[in-house]
Amino acid sequence: VRGLMDDGRSHIVAMTGSYFRGDAIPVLRPEDEEKFTRVTYTYYEQLNGYEHLKTLGIGYHFYRGQYYEALPEVLDLSKKTIIHIPHRGSGSATDDKYDEIDRVIDVIGTFVSKDDVTGFYSVKTDDGPVLKIADLVDPENQSRALDALRTIKSRDDVDMVIALGMAKEGFDWPYCEHALTVGYRGSLTEVIQIIGRATRDSDDKVHAQFTNLIPEPDTDRDNVVDA
């Protein structure tokens, strides 16, 4: 890239999808960056150019005990949702990620069946509708579910995605309305990438929501709310 810049005959646009990357080694040296005209393009400027999606909500919700016990407080089953369960080893995670998936599904409703082609689960909610859920946590199910997600053509093809380390950067599901993330994330870059999963313009989608469900610190409640 520096060679192209020094050659003087190329027009170059450099982009990053987050406000800062935090790389150990910079992509460009400071003297190289100074040759560019800086442009910041925020989510809200992005929304202004959309036809359907007009608002974005970013919020935090605290819980005590196990996170899946608090899911009913923040999970709207009528919204197309990506749930990122906690990183392994984090304070929010349990010892068994597969058990966590079972518990999340129990919160949603009653397991009905698993599609042999897509790997999607059918789960009947207490209110009646049957939801199609893509499990990207189980390694034996990932490839089938990802292949099926890449061929989605309508809102009705899938209702929810449950993931661990996937469905972040580069994952495209335009119908996603809610990115629900459990536990503290490793960096602001990761948070920005997750929020971006819900900010695609799509029919019948006027609002996108990011919710971070995190354990409540062991301190005075007023201090927690203020923080």
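Gln193 sits in helix α7, residues 188-196. Helices here are DSSP runs of H or I with at least four residues, strands are runs of E with at least two, and both are numbered from the N terminus. At 13% relative accessibility, Gln193 counts as buried. The cut-offs are these: buried means under 20% relative accessible area, exposed means over 50%, and partly exposed lies in between, with a 1.4 Å probe and protein chains only. Leaving aside residues up to four places away in sequence, Gln193 touches Lys168 and Glu169. A contact means heavy atoms within 4.5 Å.

The model is predicted: local features need pLDDT of at least 70, side-chain atom pairs count only at pLDDT 80 or more, and totals for chains, interfaces and linings use all residues. Residues are numbered from 1 along each chain as its sequence is written, and side-chain values use heavy atoms, with hydrogens and water left out.

Back to α7. The helix is mostly covered, with 8 of its 9 residues buried. Gln193 is one of them, and the others include Val191, Ile192, Ile194 and Ile195. The buried residues of α7 pack against α3 (43-48) and β2 (81-84). They also pack against β1, β7 and β8.

Tyr67, Tyr68, Ala70, Leu71 and Val74 are buried. They cover an arc of only 150° around the axis, which puts them on the same side of α4. The arc is taken over the directions from the helix axis to the C-beta atoms. On the other side of α4, Glu69, Pro72 and Glu73 are exposed. What does the buried side meet? The buried residues of α4 pack against β1 (55-63), α5 (97-108), β7 (178-182) and β8 (207-215). The general rule behind such a pattern is simple. An α-helix has 3.6 residues a turn, so residues three or four places apart point the same way.

Helix α6 comes next. It has 12 residues, 139-150, and reaches 17 Å from its first C-alpha to its last. The expected value is 16 Å, at 1.5 Å a residue; that span is 1.5 Å times one less than the number of residues. In α6, Asn141, Ala145, Leu146, Ala148 and Leu149 are buried. Seen down the axis, these buried residues fall within an arc of 160°, so they line one face of the helix. Their cover includes the strands β3 (109-114), β4 (121-125), β5 (130-135) and β6 (160-163). At the start of α6, a side-chain oxygen of Asp138 reaches to within 3.1 Å of the backbone nitrogen of Glu140.

Strand β4 is part of that cover. Of its 5 residues, 4 are buried, so β4 is largely enclosed by the rest of the structure. β4 pairs with β3 in the antiparallel sense over 5 bridges. Two strands pair if DSSP finds at least two bridges between them. Phe111 stands opposite Val123 in β4. The hairpin of β3 and β4 has 6 residues between the strands, and Gly119 there takes a positive phi near 80°. β4 also pairs with β5 in the antiparallel sense, over 4 bridges. Here Ser122 stands opposite Lys132 in β5. The hairpin of β4 and β5 has 4 residues between the strands, and Gly128 in the turn has a positive phi of about 120°.

Asp32 lies in helix α2 (residues 30-33). Asp32 is buried, with a relative accessible area of 3%. Its side chain joins that of Arg2 in a polar contact of 3.0 Å. Beyond residues up to four places away in sequence, Asp32 touches Arg2 and Met5. Asp7 belongs to helix α1 (residues 2-7). Is Asp7 buried or partly exposed? Asp7 is partly exposed, at 39% relative accessible area. The side chains of Asp7 and Arg9 make a polar contact of 2.8 Å.

Now the whole chain. It has 8 helices and 8 strands. Buried residues make up 42% of its 227 residues. The C-alpha trace spans about 65 × 50 × 35 Å along its principal axes. Among contacts between residues at least 6 apart in sequence, 68% join residues at least 24 apart.

Terms used:
A polar contact is a pair of N or O atoms within 3.5 Å; within protein, one must be able to donate a hydrogen and the other to accept it, and residues adjacent in sequence count only if both atoms are side-chain atoms.
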